[in-house]
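Dear colleague,

Please read the notes alongside the coordinates.

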Amino acid sequence: MPRIPNRTILNAYRQDPLLPLLFQECRSLSLAKNELRWLRDRAVHMAQLNLAKGAVASKYPFHGWRSLLRSMCRARSRGLPLQYILGDQPFGNLDIRCERGVLIPRPETETFTFHAADLILHDMLNNRHFPAEDRAKCLRIIDLCTGTGCISLLLHALIAPHVQEMSILGVDISATAIGLARKNLVHNIRRGYLSDNALMDITFRQGNVLDDIRDILGSSIHTGPPDVIISNPPYISQQSFGDGTTTRSVRKFEPRIALVPPKDDCMSELPLNRQEDIFYYHILALSFRLKTSLVMLECGDLSQGKRVATLCNDLAAEYSQVGNLRICIWPAADSGLQCSEPCVVIVQRYD
Amino acid sequence: MFRPLHLTPYIKFRCPFPNPRLFTLSALSLANKALPPRLKIQDADVTISYLKGTGPGGQKINKTNSAVQLIHKPTGVVVKSQATRSRSQNEKIARQLLADKVEQLLHGDQSRAAIKADRARKKKASKTKKSRRKYRELEDGNESPEAEEDDAQEVDHPNEGGAVGAEEQSPRQLPSQQNLQQEQK
């Protein structure tokens with residue numbers, strides 16, 4: 001990480017004494033200013049709320065918004081993610097609550113979810129491959145490794161107005177995440193960002209994708225196999241978690257279980273040579289067994305995306321379902337995507 | 001003086017102030033004319049970039065910067081917004097900015113933004129003009145308080161009324177003098 005010149009820090013201090021604190025995490029003046037503005041807005045808002053309530057029972061002991069803001073900035077300078085300090089993160093039109101122990105939704109995931117909704121609405125529902133009698137049927141979506149539940153909730157917000165019936169199942173291994181996802185569901189309905197049907201349509205369930213995922217699906221509300229599987233699984237390798245490409249804030253404060261796939265003893269039995277791809281193998285195998293019409297998997301970078309696409313081809317041959325598959329990486333490699341930016345592998349099946 | 005009571009709860013009939021100030025709305029004629037409609041910009045003409053930082057992203061980095069940059073391809077206008085934490089909100093703001101900018105480029109003085117700015121300028125000019133006139137009148141009124149017609153009509157004892165009026169006006173002397181000095185400069 002390049003050193004910030006003293007002059008820059010001094011200039012920032014002249015603008016606001018709290019800016020140098022934020023510099024430790026933001027590394028750029030415009031971002032530090034933006035974060036300070038957001039933090040200040042929230043501090044003032046919280047102080048007003050506390051004044052109105054007359055209560056002092058808060059996470060931060062404080063007397064006014066200034067001391068609250070200072071303690072927020074100090075927490076931020078130690079690397080605590082802004083979303084954990086503020087407690088929320090906008091995701092599409094939704095407002096997702098964030099808590100320690102659950103991965104914060106990323107803007108890339110937001111973009112991919114919008115693309116997924118586009119694909120589902122335009123390609124699947126209006127396609128002749130998707131027969132008309134099926135359209136009246138329930139659209140079933142499974143969101144594996146759901147975390148805060150952001151993908152499930154945003155998909156419901158985007159798709160529900162256009163289909164008659166849909167059901168979404170979010171699965172995560174962490175009980176904290178499932179609790180938070182349910183909280184988010186209620187929170188967004190209460191704020192009016194989601195329709196009331198969402199409470200019936202979306203379910204969250206605890207389960208291990210690597211292990212007993214079939215049992216969970218078997219006992220779920222889904223009456224048939226899912227039409228769509230979408231997932232943002234942990235995809236950081238052990239090595240890049242440690243070598244500095246993963247930032248301090250993520251390493252120190254976000255749950256490792258949501259970032260790095262666990263070490264698996266039976267790796268040698270699987271046709272994989274990279275341990276970080278293990279989730280993709282299990283999810284793709286599941287999708288081939290259930291004959292899902294659309295699978296979307298977020299990958300860390302282009303090389304991982306290519307590996308997953310190859311893996312998908314291999315599995316298709318193994319399950320002898322090669323002919324009617326279309327596998328692509330989005331955004332396409334020639335559209336200015338940098339190799340190190342996340343991408344999504346899309347597997348579409350035409351029956 | 002014959003207004004119904006419920007409409008004037010704060011004005012007593014035996015009013016200590018000689019002339020209750022009547023308020024008038026100004027610049028109505030400027031504001032009520034509808035602005036031209038916003039320019040609709042086709043999605044196909046716009047390139048959206050999310051200004052991701054260089055290097056890896058996704059789970060490895062928790063970015064809080066959700067800046068959105070829009071480029072209007074036919075004119076080459078570039079607009080950026082990072083007002084909020086929400087990307088969709090930023091995009092909305094950027095689209096509005098872009099529409100304004102492109103319109104200004106296309107229509108010049110007849111564009112929405114130009115008309116808005118023009119109206120604001122006119123309003124401000126008339127405001128300053130009015131305040132200048134007011135202070136000038138006050139200044140004149142100080143020298144000859146009996147010249148004010150309202151005072152002479154409504155107040156029974158012109159001497160008392162004049163005294164009260166002078167008291168009321170005295171705090172305004174300072175700004176008026178400053179104003180005059182500014183004008184002289």
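Of the 185 residues of chain B, 14% count as buried, where buried stands for 20 or more other C-beta atoms within 10 Å of the residue's own, with C-beta atoms placed from the backbone. This is a predicted model, in which local features need pLDDT of at least 70 and side-chain atom pairs count only at pLDDT 80 or more, while totals for chains, interfaces and linings use all residues. Residues are numbered from 1 along each chain as its sequence is written, and chains are lettered from A and ligands numbered from 1 in the order in which they are written.

Chain B has 5 helices and 3 strands, taken as DSSP runs (helices H or I, at least four residues; strands E, at least two) and numbered from the N terminus; along the sequence they follow the pattern α-β-β-β-α-α-α-α.

The contact between the chains takes 28 residues from chain A and 20 residues from chain B, a contact being two residues whose C-beta atoms, placed from the backbone, lie within 7 Å. On the side of chain A that touches chain B, α3(A) gives the most, with 4 residues.

Within chain A, Leu154(A) lies in helix α8, residues 150–159, and counts as buried because 25 other C-beta atoms lie within 10 Å. Leaving aside residues up to four places away in sequence, Leu154(A) touches Phe91(A), Gly92(A), Leu94(A) and Thr113(A). Leu154(A) and Tyr193(A) are 39 residues apart in sequence and 9.5 Å apart in space, C-alpha to C-alpha.

With best regards

How values were computed
A residue is buried if 20 or more other C-beta atoms lie within 10 Å of its own, exposed if 12 or fewer, and partly exposed in between; C-beta atoms are placed from the backbone.
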